[in-house]
Amino acid sequence: MSEPLDIVILGGGTAGWMAASAFVSLIPPSRCRVRLVESEEIGIVGVGEATFPEIKKFNDAIGIDEAEMMRACKAAFKLGIEFVDWGFKGSRYIHPFGVHGPANMAHIFHHLWVRARQLGSSSDIEEYSFAAQAARHGRFELPDTHRQTVDSAYTYAYHFDAGLYSAYLRGLAERRGVSRTEGKVQRVKQDSETGDIRSLVLESGETISGDFFIDCSGFRSLLLGETLGAGWEDWSKWLVCDRALAVASERDELSPYTRSTAMEAGWRWRIPLQHRTGNGYVFSSRFIDEDEAADSLLRSIETKALGEPRLLKFDSGRRVVNWKKNCVAVGLASGFLEPLESTSIYLIQIAVMQLIPLLPGKSVDPRLRDEFNRLMDLQYERIRDFLILHYKLTSRDDAEIWRYCAAMDVPESLTRKIELFRHSGIIERYREGLFTPISWLSVFTGQGLIPESYSPLADSAQEEQLIAQMDEFRRDIRDRAEEMLPHDRFIDRYCGAQSVAAADTQS
Ligand SMILES: Cc1cc2nc3c(=O)[nH]c(=O)nc-3n(C[C@H](O)[C@H](O)[C@H](O)COP(=O)(O)OP(=O)(O)OC[C@H]3O[C@@H](n4cnc5c(N)ncnc54)[C@H](O)[C@@H]3O)c2cc1C
């Protein structure tokens with residue numbers, strides 16, 4: 001067998017340590033050695049507290065104990081995202097992590113709902129989603145996915161402290177054999193013929209050589225962007241927000257969902273953790289200045305701020321390719337789509353998991369590179385379209401940003417999806433990438449797009465029977481949601497950081 005591949009990861013934020021822990025956990029040492037370089041002085045972005053349900057698959061795949069991770073990261077559960085004031089002022093809906101209607105009817109349920117509406121029903125689609133109802137009632141229990149009952153058809157994600165999650169992964173990766181070097185990269189050496197990266201030269205003079213480089217250096221994209229010159233594809237005409245102010249506040253009600261409230265020049269997040277609440281205002285500098293945005297954020301948070309808001313600047317878009325020569329960018333170094341649907345950590349996970357089977361030998365086979373780039377293109381574009389949908393589908397006209405977004409031209413791929421749904425209730429399906437029809441359905445309907453017609457299959461039930469069955473299902477969901485444990489009580493039992501700390505002090 002040939003020598004193991006020497007992988008060098010530049011960066012120790014969420015991206016760097018997710019990549020390192022996955023490589024070391026999933027690839028045998030005979031196939032690769034992993035070294036990570038990071039600079040404490042530069043630090044990490046440190047925001048990124050809301051996740052998508054896929055993260056559980058990542059954690060499970062690398063053998064993370066859920067309760068232990070949640071305790072260490074002061075994490076809470078997330079059943080979806082509540083969108084407030086998006087479609088119009090005063091509106092609210094939940095994008096839930098679970099189906100609408102009975103699990104075995106998920107493909108047809110919303111057509112039945114459209115028919116029921118046409119027959120006079122005024123029920124909201126989220127009343128038929130167990131995840132949404134549990135979220136509304138502030139309840140949580142782990143789903144029993146082996147059962148086919150109303151209360152088992154959902155998944156969940158986490159809210160966690162992003163800095164603690166990176167630290168947790170670092171501990172795990174180092175214990176499993178990743179070697180870490182502290183230091184600032186000053187220079188990158190390339191092969192004079194091929195242009196491949198050969199080594200990173202640190203300020204200390206130390207040189208770190210490798211066969212394959214993972215650029216997790218954050219927004220700067222030191223290897224893929226700066227060194228190898230991968231171009232930038234700008235999506236800011238559709239995703240106009242380019243700044244965020246983030247501030248933590250004292251712990252508040254531990255609701256099991258993220259809240260996103262549309263504001264005068266963007267939107268505000270609220271993310272409850274075990275020890276504090278994360279808040280932030282994502283805004284467009286075209287429509288508001290930083291001081292005004294900071295005042296607006298501080299006025300709107302519900303508990304006492306724990307410090308001053310921190311400003312982050314970004315552009316929405318991505319590197320034209322994520323793999324060039326012997327370097328793959330992961331995380332912010334590969335691109336950024338604003339955090340409206342908590343997709344950045346998902347993009348890290350999917351990049352790492354798609355890269356592992358495509359990892360090359362000592363030299364890069366272009367077929368592997370092209371396949372990776374193709375898969376990442378799809379991932380980015382699907383998420384891009386879904387995010388733009390939230391801005392496009394608004395009837396708000398009370399602020400310049402909303403008037404701009406409602407009128408803007410959107411990518412053809414999104415126009416097609418909107419028009420298909422508007423006409424017939426059909427949601428375009430695809431195999432690769434986020435999001436499932438459940439997600440599209442909740443944003444379409446939540447922001448006021450109700451299909452003009454529905455599938456002929458929905459006409460097979462008798463009218464009275466349809467209404468009666470839907471009412472019964474709605475009641476079952478609500479009753480079962482009310483029976484579950486309050487989210488904070490479940491956290492205390494399962495993974496409470498405070499109760500463990502208290503037990504430690506007592507013993
Ligand atoms: C406002 C905002 C909100 C967000 N919210 C969410 C969210 O809710 N959910 C979500 O999934 N994502 C969110 N994200 C994205 C998330 O924060 C990032 O995807 C995640 O933190 C990964 O960052 P990273 O590891 O790529 O980069 P960073 O955290 O910036 O890490 C970069 C690393 O590179 C190192 N480095 C850089 N240059 C050098 C050098 N010259 N020498 C040595 N080391 C170097 C640094 O030391 C650091 O270790 C948000 C992002 C922003 C901006």
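Trp-323 sits opposite Val-328, a residue of β20. The strand β20 (residues 327-329) pairs with β19 in the antiparallel sense, over two bridges; pairing here asks for at least two DSSP bridges between the strands. Helices (H or I, at least four residues) and strands (E, at least two) are DSSP runs, numbered from the N terminus. What we're looking at is a predicted model, where local features need pLDDT of at least 70 and side-chain atom pairs count only at pLDDT 80 or more, while totals for chains, interfaces and linings use all residues. Residues are numbered from 1 along each chain as its sequence is written, and side-chain values use heavy atoms, with hydrogens and water left out.

Step back from that pair to the sheet around it. Six strands make up an open sheet with mixed pairing, in the order β7-β2-β1-β11-β20-β19. At its edges are β7 (179-182) and β19 (323-324); each has a single partner strand, so one side of each has no neighbour in the sheet. Strands of a sheet pair through backbone hydrogen bonds, in either a parallel or an antiparallel way.

Helix α1 (residues 14-26) lies across β1 (5-10), β2 (32-38), β7 and β11 (212-215), and runs at about 160 degrees to β2. Angles like this go from 0 to 180 degrees between N-to-C directions, with axes fitted to C-alpha atoms, for helices over the stretch in contact; contact means heavy atoms within 4.5 Å.

There's a second open sheet to find, this one of three strands in the order β8-β9-β10, with antiparallel pairing. Its edges are β8 (185-190) and β10 (207-209), each with a single partner strand, so one side of each is left without a neighbour in the sheet. From one strand to the next, the twist averages 25 degrees. Five bridges hold the antiparallel pairing of β8 with β9 (residues 197-202), and Lys-189 has Ser-199 in β9 as its bridge partner.

On to the ligand. It has 34 residues around it, the closest being Gly-12, Val-47, Ala-50, Val-185 and Ile-345; to count, a residue needs a heavy atom within 4 Å. Ser-39 has a polar backbone atom 2.9 Å from an oxygen atom of the ligand. For Gly-43, a backbone N or O atom lies 3.3 Å from a ligand oxygen, and for Cys-216 the distance is 3.4 Å. Taken alone the ligand exposes 1,000 Å², and the protein buries 97% of that (Shrake-Rupley method, 1.4 Å probe).

Most residues other than glycine have a negative phi, and most peptide bonds are trans. Lys-74, in the loop between α3 (66-72) and β3 (76-78), has a positive phi near 50 degrees. Leu-434 and Phe-435 are joined by a cis peptide bond, with omega about 10 degrees.

Finally, confidence: the protein chain has a mean pLDDT (the predictor's confidence in each residue, from 0 to 100) of 95.

Technical notes. A polar contact is a pair of N or O atoms within 3.5 Å; within protein, one must be able to donate a hydrogen and the other to accept it, and residues adjacent in sequence count only if both atoms are side-chain atoms.
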